[in-house]
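Dear colleague,

Please find the structure below.

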Amino acid sequence: MTRIGTPASRVDGRAKVTGAAKYAAEFEAENLAYGAVVSSRVAKGRVVGIDLRDALGVEGVIDVLTHENRPRMARSKKAYEDDIAPGGAPFRPLYDDKILYNAQPVALVLAEDWETARYAASLVRVDYEQEAHVTELESQRDEAFDAKNSPKPRGNAEKAFAAADVQHEAEYWLPIEHHNPMEMHAATVIYEGKGKLTIYDKTQGVQNSQAYVASVFRLKQDDVRVISQFVGGAFGSGLRPQYHLPLAVLGALALKRSVRLVLTRQQMFTFGYRPGTIQRVALGAKSGGTLDAIMHDALAMTSQYEDFTEHVTNWSGALYKCANARYGHKLARLDLATPIDMRAPGGATGVYALECAMDELAVALKLDPLELRLRCYSDRDQNEGIPFSSKKLRECYRQGADAFGWDKRNGAPRSMRDGSELVGWGMATGIWEAMQQKASARIVLTANGHAEVACAFTDIGPGTYTMMAQVAADRLGLPLENVTVKLGDSTLPQAPVEGGSWTAASAGNAIALACEGVRTQLVRFARKVANSPLADAKPDDAALVDGRIVSKQDSSCSVSIPDAMRAANKERIEQEATAESNDDGKHARYTHSAIFAEVKIDEELRIVRVTRIVNAVAAGRIINPKTARSQILGGVVFGLGMALHEETQVDHRLGRIVNHNLAEYHVPANADVHDIEVIFVDEPDEIINPLGVKGVGEIGVVGTAAAIANAIWHATGIRVRDLPVTVDKILG
Amino acid sequence: MARTVRAVMEAEPTAPAPEKLTVTLVINGRETRLSVAPWTTLLDTLRDRLALTGTKKGCDHGQCGACTVLVDGRRINSCLTLAVMKDGAQVTTIEGLAKDGALHPLQQAFIDHDAFQCGYCTPGQICSAAGLIAEGKAKTVDEIRELMSGNICRCGAYVNIVAAIQQAMGKA
């Protein structure tokens, strides 16, 4: 029996370790054509001429599509908006001659094989009329405008800050970061004829992709089927339909053939990213270590055509008691692609600055940084003036500190050593929203005691297959191996994109509800069994346990599922249910964490090693501690990359990203990662949703970069306020 | 107004396709003869020609390790290797590790330790780990970490990958 809360191995594990799991670019089709994208070489302007002669002269090239010769696409900008689109007008690939950012797609080569397509793409000659571009965030401070969602203030922060005993004020910089999932974005479009398409897409939302394709190409929704059963990572990059999707469809419609299009790693840097951000945090405190004023302002980048906004600045309202707070969020338009959510969007950014600022305030107050957090602890969400559905953050601090050995920390910088290495211990708090979205799930239970659970969510890696199977097995009283999962197919019951850490709560509660429907039917059937021990049972009087319908009053009274179904002359029970958030605005819903980090830094070489991390997480009920632990481990590694490695570099003279590959855009490698301990703090929550589930996809990232940056200060005495903390910044 | 210059499709292409060469590869113990263009990588040969899509493409530049396979027992990046360079070689891909339906100890260890999430780097990690164990150089945890650093896992499963490799080493 594998119930909710047991550390089950992934049900799709075998498919993944044997190579049987198939990703978007791995589906075969008869007469498949291969695409290769030609990217713009200028940042702004328009295309004035495209010479295709050399490309079309290559044997094996079938056609080259440009904005001039492509099949029809919707004219209205509205038709290109997807579920996740921010305000503005989405980018329309190959729509017209306009260049909105460097390396945007300008042509699509279609050939009989990939090598030919790639070679011919190098022969497409494009002439541009260039305009002056702007890609540097800092240069646009004075041009920035207020984002629409700036959170509301409380009290008078300016005045309280000016009057505070102790003040800390600083700017914190975060560069552009790219998701870089290991699988490049890709689509295989199967041209079925009669206006029908089956599309294997790399996406976090199959129904989002389906609606987009139907809208842009004026196809019937039912004629477009989007499948994404395995996704090779996404981290937000697949929330919106990226340009590989419409281009692959354009190719298929133009050729009336099936088409596969895979972006190159370089082209993975030609759409959404975590926006570069400059934040100013000002904290005013009483000398006893309580906060009087918080001012948190962010300047973030967006494109010329959409207003991408995250929640960056007001996380402190849920964490730290403070009567006076003011938050600001400004956007600057740059000639870059629109940013997109990247794992813990806004939270990873804002909490980094906040938690570094809290560390600096603790130093100014001569207080232990953990003690400062405890003195400022808030039992209410001050942004909304409401209590929490649950908040076991104190317990995270306690258990995390114990496991780490925080009480042995000498607070003075450069005070701890290990041979030739400086040792630094830093900590930070993490917080993320616990959200639930409307989703539907279908259960089909057959008389042999096998259940199929289906929902259109994708599994981008967190373990959605396993989570769905576990919830169904738990609620139906079946062994895990008797449950099969269908997901990642637009024909399945409705699901939003997989993101925001909401999948477990959204799909899980829908599955639980559908299981209740199954149980109700089974009890009704059980009553029909001759001399039924459940003859008088009402649906709520019985539970499903070990393949039987069992009376809650007397467990010796039960009927087996096959007997009940036989009595009702049924071969199968099918139930679909839709679950929605019960959020009535009376409680704040968050996950929390406390992160403790140890760094060791060679005194002379200044190479930083993150030797130890403890992350204690309070995230409600954990459905699968094994896969949830992996989520936190992965989040911590993502945060480690943010702290030490990741930075997309733009050559502002060209308006072009120059380190667009995995050799020059550094992400953590195996040798960068040492011991990471994950603790799940017990956090019952009967308010948040029937399962008490909060989600763990993002919380592991939030705060990690701050804990490491704070540890680096403790080791070296050098405070670096622009990520990543590379060797050059701590040479001293 | 932009103008696209399109060629009148001529009978003879100006750039003919490269002449194909015949190679024999022993893939997962099976001799496979095929004619392949010189510019085709071993990776694309496996994925596009032989439908062995367990070997993954993550960068095409030898920077991520997702395409790691064993050639004559040594781990290599198949994206940096042209198929025609390996005439006669023994190639083992992820599809060839399990024997008669029984998982290779590394495959089982990866499941046991949850050493993957999205699964895309996993075949490369496992083939690389098989190569690592065969090399016999890695004795300590730090050596495993160092010698597995050519295989990027963006989901960040490194802690579990190292634990899985240690388990498999214990069995090996």
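Two residues are said to be in contact if their C-beta atoms, placed from the backbone, lie within 7 Å. In that sense, and leaving aside neighbours within four places in sequence, A:M468 is in contact with A:V453, A:C455, A:V485, A:L487, A:A507 and A:I511.

This is a predicted model, in which local features need pLDDT of at least 70 and side-chain atom pairs count only at pLDDT 80 or more, while totals for chains, interfaces and linings use all residues. Residues are numbered from 1 along each chain as its sequence is written, and chains are lettered from A and ligands numbered from 1 in the order in which they are written.

Chain A has 15 helices and 33 strands; helices (H or I, at least four residues) and strands (E, at least two) are DSSP runs numbered from the N terminus. The radius of gyration of chain A, taken over C-alpha atoms, is 27 Å, close to the 27 Å that the globule rule (2.2 Å times the number of residues to the power 0.38) gives for 732 residues, so chain A is as compact as a globular protein of that length. Its C-alpha trace spans about 80 × 70 × 50 Å along the principal axes.

Of the 732 residues of chain A, 61% count as buried. A residue is buried if 20 or more other C-beta atoms lie within 10 Å of its own, exposed if 12 or fewer, and partly exposed in between, with C-beta atoms placed from the backbone.

A nonpolar core is a set of buried Ala, Val, Leu, Ile, Met, Phe, Trp, Tyr and Cys residues joined through C-beta atoms within 7 Å. The largest one has 306 residues, and A:M468 is among those with the most contacts inside it, together with A:V109, A:A472, A:V617 and A:I708. Helix α12 (residues 503-527) of chain A gives the most to this core, with 14 residues.

Between the chains, 59 residues of chain B are in contact with 62 residues of chain A. On chain B, the elements that each supply at least two residues to this side include β1 (3-5), α1 (42-49) and α5 (158-171).

Helix α1(B) has seven of its eight residues buried, so it is largely enclosed by the rest of the structure. What covers these buried residues includes α3 (114-121) of chain A together with β3 (30-36) of chain B. Just after α1(B), B:A51 takes a positive phi of about 55 degrees.

With kind regards
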